[in-house]
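Hello,

Here is the structure you were going to look at. My notes on it follow below.

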Amino acid sequence: MSTNTDYLLAVEDLTVSFDGFKAIDSLNFYVDHKELRVVIGPNGAGKTTLLDLICGKTKASTGSIKFKGQELTSLPEHRIVWAGVGRKFQTPSIYEALSVRQNLEVSYPQGKTVFGALFFKRTEEVKRKIEEVAESIFLTDLLDTEAGLLSHGQKQWLEIGMLLIQDPELLMLDEPVAGMSVREREQTAELLNRIAKGRSVIVIEHDMNFVESIAHKVTVLHQGKILAEGDMKTVQADPRVIEVYLGH
Amino acid sequence: MNNLLSMILGKRGLGGVLILAALILVVLPALMGIDELNLAGRYLSFAFVAVGLVMAWGYGGVLSLGQGIFFGIGGYAMAMFLKLEASDPESTSIQTTPGIPDFMDWNQITALPWFWEPFNSLVFTLFAILTLPALFAWIIGTAMFKRRVSGVYFAIITQAIVVILTILIIGQQGLTGGVNGITDLRTLKGWDIRTDEALFILYYVNAVLLIGAVLLGMWILSTKYGRILIAMRDREDRVRFSGYDVANFKVFVFCVAALMSGIGGAMFTLQVGFMSPSIIGIVPSIEFVIFAAVGGRLSLLGAVYGALLVSYARTMVAEAYPQLWLFVIGGVFIAVVMFAPYGLAGLYNKYLQPRVDGFMSRFRKPEAPVSKTLDAPTTESTEVQR
């Protein structure tokens, strides 16, 4: 029997039910170190719920989620972040009243306690790191712009940047290119491939062209269970996948 | 220290602080007789609560309709000390039990209750004023925010606690002075607080402490904590999933607001010479929120002006038509919410500031653009939802 500590993330026998409806049903799901995994599936397959469970937004009914051997299901959300899990939400979730720079600063992984935040110093190191991240998410020129004024695509990038500055070992992105232009999608694919070098990434996405441009390994969810898993070609050729998802 | 100063100076708010300081330290004392000044001092003791509410409600999204709790704790702590000093055996020799406060004697209490004992000490009293409100806020805040109770539910619970507190005070007449409150306060360590000179000095102590509270608020808002506060108000989930224990951040700002309210309460007692449940009940607790709303809930300075103006209006209206006040204040609140959600500060930023800036820039050499202050309302859309 292989031990699940070999994986960065090991989800085992995970079930969550909402009023009897099993959104995730006895799911086993493993992500390796430095792996980029794409999760696809029809609406209501449980993709977002899976991310919610991993980051602690939703509590599991039964089952376990182990990250680097540490059980996540019993940890409060902020501890899961401290453990090294970052989560991007489906709709861009940024602080619109703050500037891009302030958004990144708030996400900086220091001063996470009340007094830590009160006496947090904007050192050169902090400024350098913010500028570095801003450059990677194509927002260098907009650092002092109020985040509420950014375009939809730029907001998506900013949220990715807010996660990058935390330097998580596992990054979870829920539909990162939704609502983006073709050009923005290309830039995002490039960004994701760059990000994925140093860490594991889980991406939920509907856009098959985009999935092809980034995917190494694809997991297809259907009704809370895994329908198929493998590289893009195998999955696309799987008759069951075509039946429930790709055929539409 | 230099760093701290430059942080405050770097904000545009400092000019506003200087104007406020000039107004309450120079202009008001110069123009007013001692009775009027004492009245202004009373209003300024309410301003502490309003400043605290700007922090907790305006920036942190923690709306408390129960700031009277903390104003009351500070005020009663001070009143208990002063009452004990006024109840020395000599001046209470006609009582059945000399040496205890008169209302206890009327209620057939023959010994000082245990929780009154420590208030014989001024040091303990001052310590209590600075810690008890915050401690109480910490207990309420931890109990609520750790369970993710927030928004309107939190507001209702704070309101309920105010009611409980006032009922408790009124019901335990022998221990608390009941509905009359603690009255007939005379001296502070032998210093008569009822003389004109004392009232004048107390006004200044109050004013200086208030400016200190505003500066403390400005400093807190200038730190990373201040940004997180705004972030939390607008997108609590994102803050949580950026690795912050949101509950702790809310508890802290609630404690800061309580601390300020407690100091205000103590200054009220000193300047007015009594403390009673009518000062801390539901209506005053809601009035505190209206002070902050009228002044502008995103403006620490606006809160002070809001407290001054609304309180002054209250005195005017209540003298002429006592029944009318509640309707007036309700109308004012609705008008502010509908037409000026950022209060006076919002109106100033929108209409007056561009002119002031234009006027000032004629005298100034062009310089680097000043970074936008947080006082300015930014995104209406995220705001209005709250």
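**Notes on the model**

In helix H1 of chain A, the buried residues are A:Lys47, A:Thr49, A:Leu50, A:Leu51, A:Asp52, A:Leu53, A:Ile54 and A:Cys55. Buried means that 20 or more other C-beta atoms, placed from the backbone, lie within 10 Å of the residue's own. Helices are DSSP runs of H or I with at least four residues, numbered from the N terminus. H1(A) spans residues 47-55, and eight of its nine residues are buried. A:Gly56 follows H1(A) and has a positive phi, near 90°.

This is a predicted model: local features need pLDDT of at least 70, side-chain atom pairs count only at pLDDT 80 or more, and totals for chains, interfaces and linings use all residues. Residues are numbered from 1 along each chain as its sequence is written, and chains are lettered from A and ligands numbered from 1 in the order in which they are written.

Between the chains, 26 residues of chain A are in contact with 24 residues of chain B, contact meaning C-beta atoms, placed from the backbone, within 7 Å. On the chain A side, helices H2 (77-83), H3 (100-107) and H4 (114-118) each supply at least two residues. That side has 13 nonpolar, seven polar and six charged residues. Here Ala, Val, Leu, Ile, Met, Phe, Trp, Tyr, Cys and Pro count as nonpolar, Asp, Glu, Lys and Arg as charged, and the others, Gly among them, as polar.

The largest nonpolar core has 184 residues, and B:Ala47, B:Val51 and B:Ala303 are among those with the most contacts inside it. Such a core is a set of buried Ala, Val, Leu, Ile, Met, Phe, Trp, Tyr and Cys residues joined through C-beta atoms within 7 Å. Leaving out residues up to four places away in sequence, B:Ala47 touches B:Leu210, B:Ala303, B:Val304, B:Ala307 and B:Leu308.

Two helix pairs in chain B are worth a look. H3(B) (residues 34-59) packs with H12(B) at about 175°, the axes 7 Å apart; axes are lines fitted to C-alpha atoms over the stretch in contact, and angles run from 0 to 180 degrees between N-to-C directions. H3(B) is therefore roughly antiparallel to H12(B), the term for angles over 145 degrees. The residues of this contact divide into 16 nonpolar, seven polar and one charged.

H4(B) (residues 68-86) and H6(B) (residues 122-145) pack at about 165°, with axes 9 Å apart, so these two are also roughly antiparallel. Their contact has 13 nonpolar, two polar and no charged residues.

Regards

Definitions and conventions:
Contact = placed C-beta atoms within 7 Å. Buried ≥ 20, exposed ≤ 12 C-beta atoms within 10 Å, placed from the backbone. Parallel < 35°, antiparallel > 145°, perpendicular 65-115°, else oblique.
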